[in-house]
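Take a look at the model below.

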Amino acid sequence: MLCLKRYLTAILMGLSGIIIVIGIGLDLYWSGIVSWGLAIILLLFAAYYSKYIPNDKQSKE
């Protein structure tokens, strides 16, 4: 599972972008608010999982 956790930041950031584009493209009454809300939640999870990205400086020492 650790191998997948290092890619979750990029995956969640990509999903948030896709959700924003789809939400704006739908042009429904609440789609903008819902899409931005989901995007913010996904970006918060992306920030949380960024701690699993390997740090090359620590591994060299």
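This is a predicted model: local features need pLDDT of at least 70, side-chain atom pairs count only at pLDDT 80 or more; totals for chains, interfaces and linings use all residues.

Residues are numbered from 1 along each chain as its sequence is written, and side-chain values use heavy atoms, without hydrogens and water.

Start with the surface. Leu-4, Tyr-7, Ile-11, Leu-15, Ile-18, Ile-22, Leu-26 and Leu-28 make a nonpolar patch of about 770 Å². Such a patch joins nonpolar side chains (Val, Leu, Ile, Met, Phe, Trp, Tyr) within 5 Å, from residues with over 30% relative accessible area and no salt bridge (a side-chain nitrogen of Lys or Arg within 4 Å of a carboxyl oxygen of Asp or Glu). Areas come from the Shrake-Rupley method with a 1.4 Å probe; for residues, only the protein chains shown count as cover. Helix H2 (residues 8-26) gives the most, with five residues. Helices are DSSP runs (H or I, at least four residues), numbered from the N terminus. Leu-4 sits in helix H1 (residues 2-5). Its relative accessible area is 41%, so Leu-4 is partly exposed (between buried, under 20%, and exposed, over 50%; 1.4 Å probe, protein chains only).

Now turn to Thr-9, also in helix H2. At 11% relative accessible area, Thr-9 is buried. Beyond its neighbours within four places in sequence, Thr-9 contacts Ala-46, Tyr-49, Ser-50 and Ile-53 (heavy atoms within 4.5 Å). A polar atom of the Thr-9 side chain lies 3.2 Å from the backbone nitrogen of Ser-50.

Last, the rings. Rings of Phe, Tyr and Trp (its six-membered ring) pair if their centres lie within 6.5 Å; planes under 30 degrees apart are stacked, over 60 edge-to-face, the rest tilted. By this rule there are two aromatic pairs. Tyr-29 and Trp-30 pair edge-to-face, 5.3 Å centre to centre, with 90 degrees between the planes. Tyr-29 and Trp-30 are both exposed. Tyr-48 and Tyr-49 also pair edge-to-face, at 5.1 Å and 75 degrees. Tyr-48 is partly exposed, because its relative accessibility is 44%.

How values were computed: Patches are made of residues with over 30% relative accessible area and no salt bridge: like charges are joined within 9 Å, nonpolar side chains (Val, Leu, Ile, Met, Phe, Trp, Tyr) within 5 Å. Helices (H or I, at least four residues) and strands (E, at least two) are DSSP runs, numbered from the N terminus. A polar contact is a pair of N or O atoms within 3.5 Å; within protein, one must be able to donate a hydrogen and the other to accept it, and residues adjacent in sequence count only if both atoms are side-chain atoms.
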